[in-house]
Amino acid sequence: MSTTGNEAARDTAGPATSDRAAAAHRRGGRSPALRMLATRSVGAVAVLLAVTVVVFLFVHLAPGGPEQALAGREATPEQLAAIRARYGLDDPLWQQYLRYLGALTHLDLGTSLLRREPVTRSIGQAAGVTAPLVLISWLLAAVAGTALGMFTALRAGSRLDRVVLALTVLAASTPVFATGLLLAWVFGIQLDWLPVLGAGRDGGDRARYLVLPILTTTLVLLASSTRFARVRIGQILEEDQVTFARARGLSTSYVLVRIVLRNAAVQTITLSGAVLIAMLGGLVVVEQVFALPGLGTLLVTAIGARDIPVIQGVTLVVAVAVVVVNLVVDLLCLAVDPRMRRGLEVDR
Amino acid sequence: MSPAGIVLARRPRARRFLAGPGVPPGVAAAALFLGLVAVWVVAPGLAPHDPALIRPGDAYQGPSSAHLLGTDPLGRDVLSRLIDGARTAVLAPLTLAAGTIAVSTTLAVLAGYLRGWVDAVISRVVDVLYSIPALMVAIVIVGVTGGGFGLSIIVLLVFGLPANVRVLRAAVMERAALPYVEAARTLGVSTPRIMLTQLVPAIGPLVITSFFLQITFAIVDLSSLSFLGLGVPPGASDWGRMMAENRATMSANFFSTAAPGLCLAAVAVSANVLGDWLYTRYEQAGRSR
Amino acid sequence: MTPTCLPPTTPGVSHRARRAVVAVLTVAATLLATACGSSGEGTESHALRLLVPFTPGVWDPRQVSAWPLSGLLLVNEPLTVYQPDGTNAPNLAEKVEQPSPTQFVYTLRPGVTFSDGTAFTAEDVKFSFELHMGEDAESVSAAYWRSVASVDVTGENQVTVTLSEPDAQFPYTVSKTPIVSKAYYAAHGDEVGTSTVPNIGTGPYVFDAFTAYATTTLVPNPGYWGPKATYDSITLETPKDDSARQLALQSGEVDGIYNPPLGQLGSFQALPGFTSHEGPDLSVYRIAFDTTKAPFDDPAVRRAIMHAIDRQALVDGVFGGNAELAPTLVPESITARNADAAAVAAAYQELEAGLTHDIAAARDALAHSSRPDGFTVEVPVQSSDPNQSLIVQTIGQDLAEIGITVTVTAQDDATFLNAVYAEHSTPGMVVDSWTGSSPDPVNMPRNMLMPGSLGNIAQYANPAVTDLLNRYQSMSPTDPERTAVLLQALSTAQQDVPYVPLLFPKVFCFVRDDFAVTDFDTLWWMTRWPEHVTPAAP
Amino acid sequence: MTSRISPTALVATGLSVRGVRGGAPVGLTSDVDIEVPAGEAVAIVGESGSGKSLTARALLSLLPRGLASSGTIRIGDRDVSLLDDAERRRLRGSELAFVMQDPFTMLNPLERCGSQVTAALRGPDGRRLRKAAARDEAVRRLAEVGIADPAVADRYPFELSGGMRQRVAIAAAIAENPAVLIADEPTTALDVTTQKEILDLLERLSRSHRMGLVLITHDLRVAFSVCTRIYVMYAGEIVEAGRPVDVRNRPRHPYTAGLLRTEPPLDRRVHRLARIPGAVPAPGARPAGCRFAPRCGWAEADCHDHHPALTVLPLDHQVRCRRADELTEQLRPSRTDEPPEPAVACAASDRALIRTRALRRTYGPRVAVAGADIEVHAGESVGLVGESGSGKTTLARMLVGLTRPSSGSVEVGGVDLASRHLSSADWAVVRSTAQMAFQDPYSTLNPHRTIGAALRDGLRLVGAEDIHRRTDELLERVGLSGDHARRMPAQLSGGERQRVAIARALARSPRVLVCDEIVSALDVSVQAHILNLLRDLQVRLGLSLVFITHDLAVARQVTDRIYVLKDGEIVEQGATGDVLDHPRHPYTQRLVASVPSPRPDPGTELERGKPA
């Protein structure tokens with residue numbers, strides 16, 4: 001062992017970090033955590049506004065409009081013009097946007113042009129399919145991924161470790177639809193255990209229909225969560241604090257729970273948040289494969305028909321969900337890590 | 001060794017420790033496969049038939065000596081299309097990944113080294129992008145505008161940035177405080193030169209591994225777009241497209257869907273494996289004391 | 001020496017970890033098991049679950065046309081019901097009279113109630129018809145009601161429809177117009193037809209469950225005036241993905257599929273336990289040239305393309321034989337339905353003779369055109385219809401031989417429809433399929449050849465053809481000359497080659513062998529179709 | 001005082017650790033015999049690569065994955081090798097405790113100190129302590145290690161200083177009153193003053209708890225200051241063992257003798273520091289004969305051929321050298337053959353190369369440097385001495401323009417670095433006046449660039465003509481050969497890297513070289529090479545040095561004048577000899593007193609400590 005001059009290293013800790021800590025201090029305020037949350041919330045609102053503007057522009061500038069779906073293939077130009085006028089689609093864009101924002105302040109997402117129902121209702125029904133799908137697969141993936149990651153990290157280099165690693169690589173490299181088709185073929189056709197089409201009716205029936213989509217999504221997510229947990233837990237196991245705990249004769253459960261899981265928590269939570277967000281995209285594909293009437297399908301059909309209120313509503317709701325997820329992630333991290341509560345930089 | 005001879009060892013699995021160089025079989029296989037694909041990319045002439053030749057009479061054939069992997073619904077030779085398709089199947093994700101990583105690295109180095117307002121702007125933009133589900137936005141934008149392949153690439157590139165910029169920026173910040181960078185500053189080396197000759201090589205392993213990972217993501221994302229009917233134009237002998245187009249008739253010629261699918265997965269896995277391996281090698285080379 | 005490896009794990013550690021993994025897996029397995037536990041999947045003999053190509057976003061007559069009406073017409077039954085033999089049978093209307101070519105008088109069945117118990121009246125009919133009328137009607141069927149001048153309640157049980165000009169298609173229009181409750185619409189406004197405010201009608205079935213664009217379940221209307229409903233429940237599903245359809249059939253979750261995508265026929269035909277039924281489709285695949293755009297404003301260019309294309313190869317290749325050559329824009333069986341079959345056949349043979357695949361003729365035509373050296377054209381196709389792209393790829397190969405280079409661009413439906421039908425903003429050459437939505441043979445030609453019609457993407461305007469088509473409209477259905485006029489219009493138009501008719505696809509349904517299907521044809525959705533799908537005797 | 005009186009707490013016999021390299025088994029340590037009496041301290045001393053830390057891990061059955069140990073270990077009357085894993089785990093903490101080097105990484109950052117201290121404790125019922133009881137117990141245990149403030153129990157480790165953390169860690173380690181405490185470099189990461197406190201604490205605890213203490217260290221001074229028996233390890237084996245007084249005054253192994261000589265003395269400046277040539281051989285590349293033979297000045301042919309056994313000499317002194325008997329006198333450390341060298345007369349030329357006035361740097365509310373006035377003249381060597389947080393590094397960084405001053409002025413070569421607008425010509429003057437070499441040899445060079453590339457960066461900037469020849473010259477100037485230019489940093493040893501770092505700084509032919517703790521991460525034997533090199537460069541090139549260090553003995557060897565810094569202020573300055581021999585400021589006095597001194601042994605004729 002050589003002498004390490006941590007002393008000097010810390011002395012120079014880098015003007016960067018000290019500057020930032022100092023700047024944070026200058027801004028005053030009692031709790032750095034509260035300040036961080038405030039900044040994040042302002043950022044979140046900015047994100048939401050940006051999303052509404054971008055989506056609004058894209059949808060309105062895109063070729064084709066809802067009047068074509070509404071009037072069908074045999075419509076006359078007069079008919080089309082009349083419909084455009086009825087829905088104010090010929091008004092200047094800024095007027096339309098302001099109208100949209102105005103309605104938003106009343107939590108009114110408008111009425112679907114092609115479903116003839118309030119967008120909130122369409123979204124609510126779709127969310128009834130999507131929310132369990134997303135949340136359950138996400139939770140399963142997070143829990144199972146951490147467990148698998150820990151299991152393999154503890155036996156790093158073993159055959160099992162390599163097999164799991166290879167499987168995660170394979171799962172991560174396989175497009176979602178391929179995984180979905182394979183599972184549907186095995187469990188739906190060869191074994192005939194589970195339905196493969198649609199979301200079923202309510203309650204228990206729906207649970208049965210959601211098993212395969214959830215399994216598919218979980219498998220894909222599991223790949224990244226396992227790999228991540230494997231690496232992070234591997235790092236922690238190499239840290240002095242683990243050796244020190246083991247040298248004190250502390251039990252395995254203490255080491256794994258109080259040290260490994262706790263220290264991995266911030267990164268795991270942050271990653272889970274990111275995964276949840278990324279998942280919202282992949283969901284479209286899963287829903288197509290299993291013909292689920294969820295948010296992804298809602299969005300795709302709305303795009304096809306240029307059902308503007310629905311497109312805007314779904315993207316907004318997803319953006320809000322993302323913002324909420326990020327907020328929850330921040331709060332959880334604050335709860336777990338006292339360093340973050342003190343406003344110190346923590347590598348996430 | 002010891003007179004007492006009582007072995008305290010509990011774990012004979014010592015192979016990994018101090019393991020010397022040597023190429024694991026998985027990596028060799030990955031390299032071999034990527035090599036084969038590379039050959040297909042540079043020499044599409046290897047295809048036994050004209051990949052675009054439509055022969056309605058030969059449609060839906062299973063594998064035969066004339067058509068090793070059978071034919072597709074238009075009677076085109078699947079193997080030839082597979083070989084011809086290597087170009088888009090590999091080059092598109094490659095371009096996408098290279099572009100993503102190049103832009104990410106540039107932004108990360110600028111933000112992580114210059115700090116200040118440059119960092120603030122880049123980081124905020126990255127934060128915003130990070131909180132938008134990429135594939136969903138790609139579907140909206142590409143779907144609504146009917147933008148096609150080029151647009152999909154751009155959209156996926158932009159949304160591939162945040163994760164990479166974050167990781168690389170953190171790495172740059174870590175390295176920027178290291179003595180060798182400060183030594184270069186003290187010597188008077190110019191800022192662009194420090195970025196190019198010190199920081200970029202220093203985060204090299206990370207750049208490489210991000211690049212290979214990004215290839216995997218690119219393959220998966222592009223094929224998902226193809227699956228939804230977005231992306232490359234119909235008729236192109238792109239693997240993702242072939243899968244999507246021939247899927248409907250999978251029962252007629254299984255290989256017309258499975259072969260491009262397997263190739264796609266194999267490229268993704270190979271890229272992944274190779275990236276991991278290179279990273280470890282590069283890291284070890286720089287770290288061994 | 002800095003050991004960088006992991007500390008060794010005691011067996012205790014790995015044992016615990018293994019237990020943790022096992023626990024997680026157990027939870028997952030339990031979830032799976034409970035989920036499977038309730039899986040009975042025993043199809044009751046009186047339930048029918050079918051895949052159909054499309055489910056609308058709302059069950060409102062204004063937003064539903066063609067096959068999707070298969071669901072709505074069972075709930076909101078029409079005044080007359082189309083029969084497989086091509087006639088219209090009385091239904092809600094006990095009697096239909098036509099005092100003049102422009103007047104129809106409907107005598108309504110008395111004592112009929114809507115499924116909510118309210119009485120069915122003439123006002124409901126008037127309301128249901130007027131939904132589709134007016135220049136600004138937000139109805140996909142508005143075109144069929146454009147010829148109607150007024151709908152009047154002329155008695156307690158009588159409705160009189162007055163046309164502004166004779167309309168050969170009108171009787172069929174009535175057969176595909178669902179009747180809704182005026183009071184119900186007044187009470188619920190635009191929300192009628194959504195999942196929360198299901199539409200109500202007088203028909204044999206009522207809506208039980210509905211998810212927009214995805215699935216609909218119908219159950220019998222207990223108060224139905226007519227014969228009892230055939231099924232205890234009918235579920236119509238619309239998976240958008242090829243594999244989802246395939247899996248649904250393969251897993252036995254559904255009893256059949258109507259109007260499957262033609263590209264998947266091969267797969268379905270290979271499925272054991274299913275029987276296929278086919279018929280000619282009321283649909284044509286065509287190449288359309290925008291006659292106002294260079295180089296397609298030059299008839300020689302259009303003719304060159306027409307001769308260069310091997311249409312038979314499309315029938316055999318792209319469609320795998322599940323189509324027939326299209327000599328013109330409307331299928332022969334439709335034209336011949338109420339006419340002299342031999343005359344029609346002869347005319348069709350002549351039309352076909354003009355469409356020869358003749359490279360020499362093609363080269364010759366192009367050489368004498370405005371573009372003797374060929375050109376490059378970008379052809380948009382709908383990504384939702386893979387056949388279009390396959391057709392364009394195949395004809396691209398043909399056209400390359402005479403020096404015309406074709407590239408394909410896939411577009412989403414809205415973009416395609418906008419460019420092709422509304423804005424005419426394509427480069428000038430399009431491959432599309434046009435599906436008729438009325439049994440009368442003039443339906444398709446009028447849509448494609450009359451100036452101003454949305455289906456006239458050639459922007460074709462030939463006064464002679466227009467006159468002929470208008471003349472057909474005003475002739476009595478019983479006039480023996482009527483078909484001849486139509487044929488003349490078609491052959492006149494053919495001379496100008498605004499379109500190259502390619503082929504008429506066949507229409508299919510695949511139904512499990514537990515069911516017997518009778519009288520399947522392209523207009524199955526206009527009939528009371530559940531009566532033609534009967535559970536086979538065990 | 002002999003160890004025979006005490007019962008032994010731990011005995012290891014024939015302890016060996018093996019690993020595998022390139023498929024072949026490699027011995028990492030071999031046949032280590034150690035005996036630890038209860039209530040006494042023994043030291044295992046050695047440089048990097050000696051195997052001392054592995055031995056500690058082997059004692060604890062905590063070897064890294066892939067390593068295996070053999071031999072017997074007895075703790076009290078129990079034979080550890082007969083125990084299974086669970087029993088061994090129970091042994092750790094209750095019988096055997098362990099404290100590691102870095103107090104910043106040893107504790108769980110997410111858990112309060114109190115609960116970490118009591119984590120292993122169980123009530124009489126075998127259950128975890130209740131919350132209140134646990135906290136009371138934690139406060140009591142913390143008081144035992146000198147933390148009187150009960151609030152510390154509720155703090156998180158990151159809220160404490162390094163010394164405090166180390167105390168908390170010790171409290172946690174000995175919570176179950178173990179028989180043996182193994183401390184692996186427990187003070188290396190700490191400041192000098194804290195280091196002494198911790199060593200005192202360990203010694204006190206060892207006596208009060210009748211606990212055997214195994215101190216693993218690279219620092220002979222530390223070992224001599226607390227231990228009753230010293231084991232010197234080299235290349236995986238014990239080469240000498242004995243009482244500190246014997247080892248110190250009559251080393252019998254050439255390696256021990258070499259180590260003693262390379263240790264720079266605090267009390268005088270020696271003409272030239274002794275050095276040991278070569279480097280410690282890596283496991284697998286160890287010589288077949290005596291492992292030290294290739295570096296030994298007294299090696300004979302036989303030494304290279306035959307591996308010597310550990311022989312026992314009188315006074316329980318053991319040595320592994322076939323010529324031990326012949327060399328007794330040659331190896332005896334003698335101070336007369338190295339006459340003290342007077343400090344170089346301060347050539348106080350009137351023009352200072354570097355001059356700072358009221359130089360101040362703050363980070364928010366924290367003051368790093370509070371108004372420093374220093375001068376560096378041509379050809380002199382100036383020391384900046386202080387503990388962590390004293391601001392010495394920040395001050396040094398301001399001298400080369402790496403950190404901007406908050407106020408005050410820094411004139412380097414006549415250019416004021418504090419001014420807002422500096423032209424590139426100004427910068428060129430600064431760069432060719434002052435250059436810097438950094439502390440950590442492992443990050444001072446970019447791991448992905450060759451040595452040559454690193455050197456050429458600087459050469460290119462001065463527009464050198466024949467860059468490759470100049471590269472070779474630079475390397476030769478710091479004692480390396482030209483073919484080092486093509487190597488990667490990973491292929492170099494720590495000492496070689498620091499040489500390259502110096503060469504890189506010299507590429508711009510500066511007049512002042514600022515050295516920030518450049519030897520603190522090096523082994524003693526290597527440190528001597530670098531210090532000698534710096535002194536040579538000072539003389540040969542007329543180079544001025546600004547030498548930043550926490551080590552007073554090192555400062556003594558290379559500096560002419562020193563500034564002592566505390567909390568950003570210069571508390572004392574003057575000629576190095578004057579300041580260290582007659583410290584005036586209480587802080588300086590405390591610093592000097594903190595340098596470990598040998599235990600007062602009866603019959604010790606050579607006392608090294610400095611009576612104040």
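**From chain C to the sheets of chain D**

Author: Chain C contains 17 helices and 20 strands, where helices (H or I, at least four residues) and strands (E, at least two) are DSSP runs numbered from the N terminus. This is a predicted model, in which local features need pLDDT of at least 70 and side-chain atom pairs count only at pLDDT 80 or more, whereas totals for chains, interfaces and linings use all residues. Residues are numbered from 1 along each chain as its sequence is written, while chains are lettered from A and ligands numbered from 1 in the order in which they are written.

The C-alpha trace of chain C spans about 95 × 75 × 45 Å along its principal axes. Of its 538 residues, 55% count as buried; a residue is buried if 20 or more other C-beta atoms lie within 10 Å of its own, exposed if 12 or fewer, and partly exposed in between, with C-beta atoms placed from the backbone. Two residues are in contact if their C-beta atoms, placed from the backbone, lie within 7 Å. Among contacts in chain C between residues at least 6 apart in sequence, 69% join residues at least 24 apart.

Chain C meets chain A through 69 of its own residues, which are in contact with 66 residues of chain A. On the chain C side, α1 (11–37), β8 (205–211), α6 (242–250) and α14 (413–422) each supply at least two residues. The largest share, 13 residues, comes from α1(C). By class, this side of chain C has 31 nonpolar, 24 polar and 14 charged residues; Ala, Val, Leu, Ile, Met, Phe, Trp, Tyr, Cys and Pro count as nonpolar, Asp, Glu, Lys and Arg as charged, and the others, Gly among them, as polar.

Two backbone details follow, one in each of these chains. Most residues other than glycine have a negative phi, and most peptide bonds are trans. In chain C, the peptide bond from Ala294(C) to Pro295(C) is cis, with omega near -5°. Pro295(C) lies in the loop between β13 (283–289) and α8 (299–308) of chain C. In chain A, Ala291(A) has a positive phi, near 50°. The loop between α12 (252–289) and α13 (295–305) of chain A holds Ala291(A). This residue counts as buried because 26 other C-beta atoms lie within 10 Å.

Chain D supplies the part for a closer look, namely its sheets. Strands of a sheet pair through backbone hydrogen bonds, either parallel or antiparallel; two strands are taken as paired if DSSP finds at least two bridges between them. In chain D, 4 strands form an open sheet in the order β2-β1-β4-β5, with antiparallel pairing. Strand β1 (residues 8–21) of chain D pairs with β2(D) in the antiparallel sense over 10 bridges. Within this pairing, Val17(D) has Thr29(D) in β2(D) as its bridge partner. Helix α1 (residues 52–60) of chain D lies across β1, β2 and β4 (68–75) of chain D and runs at about 115° to β1(D). Here axes are lines fitted to C-alpha atoms, for helices over the stretch in contact, and angles run from 0 to 180 degrees between N-to-C directions.

Another open sheet of chain D has 8 strands in the order β6-β7-β8-β3-β9-β10-β12-β11, and its pairing is mixed. The edge strands β6 (96–99) and β11 (311–313) of chain D each pair on one side only. On average, and with direction ignored, neighbouring strands of this sheet are turned by 20° against each other. Leu313(D) has His317(D) of β12(D) as its bridge partner.

Chain D is also divided into domain 1 (2–234) and domain 2 (352–444 + 509–594), with bounds that come from an automatic or database domain assignment. The centres of these domains of chain D, taken over C-alpha atoms, are separated by 37 Å. Their contact takes 8 residues from domain 1 of chain D and 8 residues from domain 2 of chain D. On the domain 1 side of chain D, the residues touching domain 2 divide into 1 nonpolar, 4 polar and 3 charged.
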